[in-house]
Amino acid sequence: MEALEEARSGRGAGGRFKGKVAVVTGGGGGIGTAVAARLASEGAHVVVCDANAATATEVAEGLVGAGWSAQALNFNLASAAAVDAAVRDIVRDHGKVDVLVNNAGINRRGALLDLSAEDWDLSFAVNVDALFHLCRAVLPHMIEAGGGAIVNTASQWGLHPAPGHIAYNVSKAAVVAFTQNLARDYAPHGIRVNAVAPGEVRTPMLEGNLQRTGRTVADLNALVPFGRIGEPDEIAALIAFLASNEAPYLCGSVVEITGAQAVS
C-alpha cells in the first residue's frame, strides 16, 4: 500500500496533529488507509476502524512499524450499541477524540429496478447511518473539550448523480446534507464539520469495478481534463487539511476534488 510505504519512509507534512486522537473509518484500504497514514505521520494517534479486522490490523501494524502511533478497532458501524461501546473504549484509553473521519462506504450499483431492498438498506446503513451513530457518540466529548473536527467522505456523485448508481448517489447526497446540517448545529461549540466529494480515485473499489466491466484505468484517465484519475494520498491530503488548524474557518463546506472531471 503506497500510503503505508510513505509512512514507513518517514515522509510527512509536519506535526499538525501532534497529541491528537483521530478515528478513521474504512481505514483498511484505499482512501481510508491513506488518511490513517497521513494523520499518523503528522503526529496523531490513529484508531484504524474497518469491517475487516485483518486489514485494519495490517494497516495499524504498518503505521506502528513506521514509528507512528496507531491501533486497530473492529466493530459494526451500523450498530448504535457497538459504536457507543467503541467510542467509550477510545475515550477511556486516550481521554478524547479530536478528529473523526467518516470514510467507510459501499457502492451497490444499479438503477432502481436493478436493486434489491437489501442493497438499498445496506447502502444507507454504511454510508449514512454509520455517520449518525458515530457523530452522536463523539460529539458530546468534542463539546466537552471545546471543539473538534469531523470530515465526511461524500462523493462527486452525491452532487451530480451518475446513471445506474441510485443507492450510492442518494446516500452520498445524504452525506452532503448531513454534513451541512451538523455544521450549522455544532459550529457554536467550536466543532468544524466538512466533507470531501472525490471523483474517480484509484481504490480497491474502483479496481474491482474495472475488472467487472472490462474497462481500464487508461479509459478513465481519458475522461479527466487533468489527464488522470485521483490517488488516495491526494484525497488524504485534503482531508488532513480540513481536519487541521490550518482550516479554522472552514465549516459546513463540501469540497470537490475531481481533476475538473464532469460526471459521465
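**Contacts and strand pairing in the predicted model**

His 160 touches Glu 256 and Val 263, leaving aside residues up to four places away in sequence; contact means heavy atoms within 4.5 Å. The structure is a predicted model, in which local features need pLDDT of at least 70, side-chain atom pairs count only at pLDDT 80 or more, and totals for chains, interfaces and linings use all residues. Residues are numbered from 1 along each chain as its sequence is written, and side-chain values use heavy atoms, with hydrogens and water left out.

His 160 sits in the loop between β5 (148–153) and α6. Helices (H or I, at least four residues) and strands (E, at least two) are DSSP runs, numbered from the N terminus. The relative accessible area of His 160 is 38%, so this residue is partly exposed (buried is under 20%, exposed over 50%, partly exposed in between; 1.4 Å probe, protein chains only). His 160 and Ala 173 are 13 residues apart in sequence, and their C-alpha atoms are 9.0 Å apart in space.

Helix α6 (residues 166–186) contains Lys 172. With residues up to four places away in sequence not counted, Lys 172 touches Asn 127, Thr 153, Ala 154, Ser 155 and Gly 158.

Strands β2 (residues 45–49) and β3 (residues 69–73) pair in the parallel sense over five bridges; pairing requires at least two DSSP bridges between two strands. Val 46 has Ala 70 as its bridge partner in β3.

UniProt, in an unreviewed entry, places the feature "domain: Ketoreductase" at residues 20–199. Such annotations may be inferred rather than shown by experiment. This span, residues 20–199, is 49% helix and 18% strand. The end C-alpha atoms of residues 20–199 lie 29 Å apart.
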